[in-house]
Amino acid sequence: MWVEPEEVTLNAFWETERKSLYFLLQRRVGHGGQADPKLLSFWVKKFDSITSRRPPPFRILHQTPSSNTYHQISVAMTWGEIDKDWSHLESLLECDSLPEDEVTGYILTKIKSHLVTGPVDPALQNINSEGGKTSFISREADKFRKLFNMPPEETLVAVYLCFYRKKWLYSGTMYLSVSHLCFYCPSHIIVIQWRDIIDFYKSYNVVITIKKKTGKKFDFICYQRTSEIFASIRQLVNLAMKQCINETSSFKEDSDLLHKSSINVSKKQTFLKRDLDARTESETYRLLFRLDSSEKLDGMITACLHAPFNRTLVPGVLFLSQNYLCYESKDKGLLSLVLPLRYLETAEKGELQIGGRVCDTNVLIIKIPKQQFMFTNIQDLDFLIDKILKLSSKIKRAKHRYTPFPSIKKENNSVSLESISDLNWSPAPALMEMFESEKNETMRKLEEEKYQFWLKHFEHYQRGVTMYRTFAVGKLVLRGIPDKLKSELWMTFSGATNLLESKPGYYKELVNRSIGIKSTTNEEIERDLHRSLPEHPAFQSDVGINALRRVLCAYAIRNPQIGYCQAMNIVASVFLLYCSEEEAFWLLVVVCEHLMPDYYNKKVIGAIIDQGVMDCLVEKYFPSLHVMLEKLGMFSLISLSWFLTIFISVLNFSCAVHVVDCFLYGGAKVMFQIALSVLELNKEKLAKCEEEGEAIQILTDFLIGVYNEEDPVITPHKHRMVHMTISIQKLLSMAVSNYTEINLQYIENLRLKQRLKVVRNLEDSLIRNVVRSILADGYFKETELQDLLQLVREEQMNPRRKQPPVDNESNDIVPLQLPYETIKCDFELFHMIFTIVSPWATTESTVTHDIAVRIFRLMDADDDGYLNFRELVSCLGLTCSASAERRLKLLYIIHLPPLLSKLDIGSTRSLFSESDTDVASEAVEFFNDQYSEQKINTTTLTTIPEQTNNSSQQYSSDDVPGDVRSISSFRSLLTFSSQQSGDTKPLPAMDQIYLIELLHTLNFILSKQDAEEQNSDLMFFVSNILHAGKKTNNEEIESSAISEKKNIDEAVQDSLSISADLFLAEISKYASIIEVFNERVDISSKISKYNEKRFRTIHSLSNL
Amino acid sequence: MASRRKLLLKIIILGDSGVGKTALMNQYVNKKFSNQYKATIGADFLTKEVMVDNRIVTLQIWDTAGQERFQSLGVAFYRGADGCILVFDTTSMNSFASLDAWRDEFLIQSSPKNTENFPFVVLGNKIDLENRAVSTKRAQKWCQTKNNIPYFETSAKEAVNVEQAFETIAKSAIALEKEEIYNDFPGDIILDRDNKPNNGAACNC
């Protein structure tokens, strides 16, 4: 039993039994030793009984090297127990070779860890089964939130005891939550966001190293459940990265996760953790069998499949999920099976006969139309059958099984006459049937031969989704799929059949919805329709073009995250040649969402990730070539067009189609295998290159020279000379056989690692670009802008925040966005940042809020309820770093109508009750000569923060035109004041009620300063400005009243009014006030202060 | 000194998708026009040897993907560029409006030594089409504000102004190259002092 290490001295009471470099195993004299001196034994026993100490008779001491310090670390009642601890210690030191002076620290902390992990473990296990609400977990979650000042939405996933290594080992607790890794021990508090991690790895089996983007490394030593901890970290990092990639979907994914966890609480393992595990398992399962992304794994069980084609029993695993029963042999790749439950007729217990002899009576027999499958050696057969039947009863049965077997009947060719916006479209059949390519006799014969092979194969292994998938299929695919069978087999292998059958009518509905939509996406599609496979006659005719348009537009509606990405047109048009329109659509779905995840999204992230994967693979297989290619910066150049178009755009057509065969069968790994082979074949040539262009030339020439043995006529290339290089058959078989280690799981692992880097790099370059693009505005320094942007990005990622709407459906066709335009900030976020940063703000004050609202509205140029980053920076810059004159101008402007309305004032201090129009009129008149009687819609202003979307619509529908115009003129006065001050009109004068508000705000801003001088200055200023206002105003009123024949009395009511110039002139007399407005605020320090506060911790654990 | 070395100039063509970048490149290099191009994925390039200022220069012309989402991948292609051709479609206002972003993005990503004088040329393509949307005046005005970028109205289809445009960018790229050589080796200037007036026009070496 391990004990708290305690320093002891050696004495005669103990007999050393064993000794090693660092340890002593001792036995208390008088306990079992034959050779103990009798007297001593007697005395020791006597002593023990008197003091009633009765120490356990065995102990282990640790000796600090080259000293006489000993620590007792373990005690035991029996020899067996102590012997166990001893051997543990021995094994411990075997794996870690430490410098002598660190040994003691290491061992002692380690022993402590054994002590602490002991009691926690069972606790963790028991909590949920006990079902108590104030369980260990919820207590830990509470503790976690308090320790690290986390918001309640931050869900805790798991808690582990471990060590933080930093010169010394610190024993503490590691908390893993949905977006953070935290560590607490009294001397160290560590908070790391998953998004900030660029690398993590495990070494020596127990050390988990986390590398942050800043380059800082954290080592955690976990002696227990290391792999579980590592797996959790891995899951959470991956989840975080995926959220970063699909910024908008993060929220949805999160809630799904939380929802699911709440269902599972009653189950044994830890809450969210279990859920994450299930996710990972389901993902692997889906990848393995190419199932839809909604499929969740229910359970697995070992079983043997009876393979009728060679009458053997193949051991493997059965997987059951809501809609499928799948099987994979233990020997990976040997045999697999996908049985959609929608086909299921019966699942029952039966017997298996081989050669007339009953082999087994405990057999699961699954019957689907025309086929049956038998599984043996299943442990809990009745339970399984029950489960299968239960699941299948929930499924809507497939009305009719989608039968690809009879070739799709030729439809009348009149389809070609439809027009674009015609709702009466009918789906096009496979285009090859209409535009058959010419084939000579030998080619036809070869085709027929291949076809016969496949038919024979079907006889043995069945046909369609439920075929027995064996090595033999792989070999046949490698030889190429005959044109007649392409659609059927593409659909089967890729899993697209399952999607199509489970959603009948879906495609048609999407197409109907897509008709007539005018959007950027559809415009992009339109532009590329004739640039997909222009050389093929099918796409020189309307039939092909219209079908392609429908498929792409329908997809854009299905998946707005992707919309349309160039290269999809090329891939889709190849599908359309061999498959019907609907089939082509579902193949495109499989490619975009399963086989090439995130490839085509708005930042082409998947493709960038796979470039990184390619980079790793080249480094592994051809290290010297890797050095050279890296020097030329080639990875980003080569793989992009290769992967994005599945080699279609770089190979000649008949070869490319062959690659597509292999790709849809083998998945993404095929692309890597081919790419590696291409590099391998050109290794020598590439090694001599000195310049990227040369290297690319070599590869391009090589690829266009690849020919098809069966179709040896090479189509001449548009603008290059073609020399035959290698046959596609050879290239493919080389690719598949030389790089067998590259399998699905391997690629997924590499992708995960790359995802970290790519997301980080994208974020960095986004920040860099945005900052550079607005640096010239001159408000802040580069580092300040970086900090600010970082803060905005972090807050945007925060799951608490509403995501800005993605305007995919918008009908506007917009030009390319500038970098800063992509960063959007709603009022809530603006208010938060404004409060953190601006000298005009204090927390929780209505004045701050009012100022923020008005500045927000002033700067929101497109009036959509969002500020882009540049606008945000202007807002902050104008209060933090601009000259006093500009800051005061801003202050003046935000107290003018329409930004400040009388209604606002009325609501706070009901001083005035007159109609608003007079006051507003002056401002409106100032900008708009045709003054209209319309009332200013004041209510909208107050509603900005609450409902940005609604209010922005309100503006546009019933706003006063002069209103918007005046705001924009105000804005240009401020932002370009330095350049264009000469030719702009002066600011309108301000009336009393507004002036009072202004002075009120001024007082508020200055009151933050706590200085006598300013307060007294302000008093003087107020009295002076009021006086001056009265004086000038009276003159003006008289003159204007005369000219406009207005009632003088009426005019005098608002008797006080001052001009902007007067305001500025007066205030500039007070140096102390000006000084306040001239003070340059360092926003970086404010932000870092805020960040510190965010993770502020409560240091005394006793409070918890 | 530099002239004896074979001179390779890397020219990048940028602009929205479908403005005719590939067609312009092919018209210039192969003197051919086709309306059967696939959309460019990633990037592609062609080379052409030309005589500029009595020197043989190899132009390596890089044609890039125009869709916005590929823009962030530009870094790799922009690396070491000597000149940049910005293309818009005279029948599409949007493609013209995007020029700003393309130019900014290019300067940010490639970060050339000399941002102010980096060789650009702007091409308004497809002037053979009827439905013109961007006026010459407007395009010229934009070019003036951007440090007087040379502007050409081209038709890749009818080979109008294509040759001239590429020659212009080649010339200004060479001019900048020379300038940089002198900046890099300030010592040389003293040795060459006598020849200096000639350097701008032709190379004497």
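The predictor assigns the complex an ipTM of 0.85 and a pTM of 0.73. Chain A has a mean pLDDT of 76, and 75% of its residues score at least 70. Among the elements of chain A, helix α16 (residues 568–578) has the highest mean pLDDT, at 95. Helix α34 (residues 939–943) has the lowest, at 37. For chain B the mean pLDDT is 83, and 84% of the residues reach 70 or more. Here too a stretch falls under 50: residues 184–205 of chain B, with 14 contacts beyond four places in sequence. Where pLDDT is low, the predicted coordinates should not be read in detail.

Chain A contains 43 helices and 24 strands. Of its 1104 residues, 54% count as buried. Contacts between residues at least 6 apart in the sequence of chain A were also sorted by separation; 66% of them join residues at least 24 apart.

The interface between the two chains comes next. Chain B places 44 residues in contact with 51 residues of chain A. The area buried between them is about 3900 Å². Carbon and sulfur atoms give 56% of that area. On the chain B side, Lys38(B), Ile41(B) and Arg69(B) lose the most area to chain A. Together these three residues account for 20% of what that side buries.

Several elements of chain B each supply at least two residues to the side that touches chain A. The helices are α1 (21–30), α2 (74–78), α3 (93–97) and α4 (99–110). The strands are β1 (7–14), β2 (43–52) and β3 (55–64). Helix α4(B) gives the most, with seven residues. By class, this side of chain B has 16 nonpolar, 17 polar and eleven charged residues.

Asp528(A) has contacts in both chains. The residue lies in helix α14 (residues 520–528) of chain A. Its relative accessibility is 1%, so Asp528(A) counts as buried. Leaving aside neighbours within four places in sequence, Asp528(A) is in contact with Tyr564(A), Gln566(A) and Asn569(A) in chain A, and with Ser17(B) and Ala39(B) in chain B. The side chains of Asp528(A) and Tyr564(A) are joined by a polar contact of 2.7 Å.

His536(A) sits in the loop between α14 and α15 (542–558) of chain A. This histidine is buried, because its relative accessible area is 9% and the cut-off for burial is under 20%. Beyond residues up to four places away in sequence, His536(A) touches Met432(A), Phe435(A) and Leu577(A).

Thr376(A) belongs to strand β19 (residues 371–376) of chain A. With a relative accessibility of 1%, Thr376(A) counts as buried. Its side chain makes a polar contact of 3.5 Å with the side chain of Asn377(A). Not counting residues up to four places away, the contacts of Thr376(A) are Ala303(A), Cys304(A), Leu313(A), Leu352(A), Asp360(A), Asn362(A) and Val363(A).

Most residues other than glycine have a negative phi. Phe647(A) has a positive phi, near 70 degrees. Its place is the loop between α20 (635–644) and α21 (653–666) of chain A. Phe647(A) is buried, with a relative accessible area of 0%. In chain B, Asn148(B) has a positive phi of about 55 degrees. This asparagine lies in the loop between α5 (136–145) and β6 (151–153) of chain B. Asn148(B) is exposed, with a relative accessible area of 57%.

Key. Residues numbered from 1 in each chain as written. Chains lettered and ligands numbered in written order. Predicted model: local features only at pLDDT ≥ 70, side-chain atom pairs only at ≥ 80, totals over all residues. Heavy atoms only, no water. Contact = heavy atoms within 4.5 Å. Buried area = accessible area lost by both parts, 1.4 Å probe. Helix = DSSP H or I, 4+ residues; strand = E, 2+ residues; numbered from the N terminus. Nonpolar A, V, L, I, M, F, W, Y, C, P; charged D, E, K, R; others polar. Buried < 20%, exposed > 50% of the residue type's maximum accessible area, 1.4 Å probe, protein only. Polar contact = N/O pair within 3.5 Å; in protein donor to acceptor, adjacent residues only side chain to side chain. pLDDT = per-residue confidence, 0-100.
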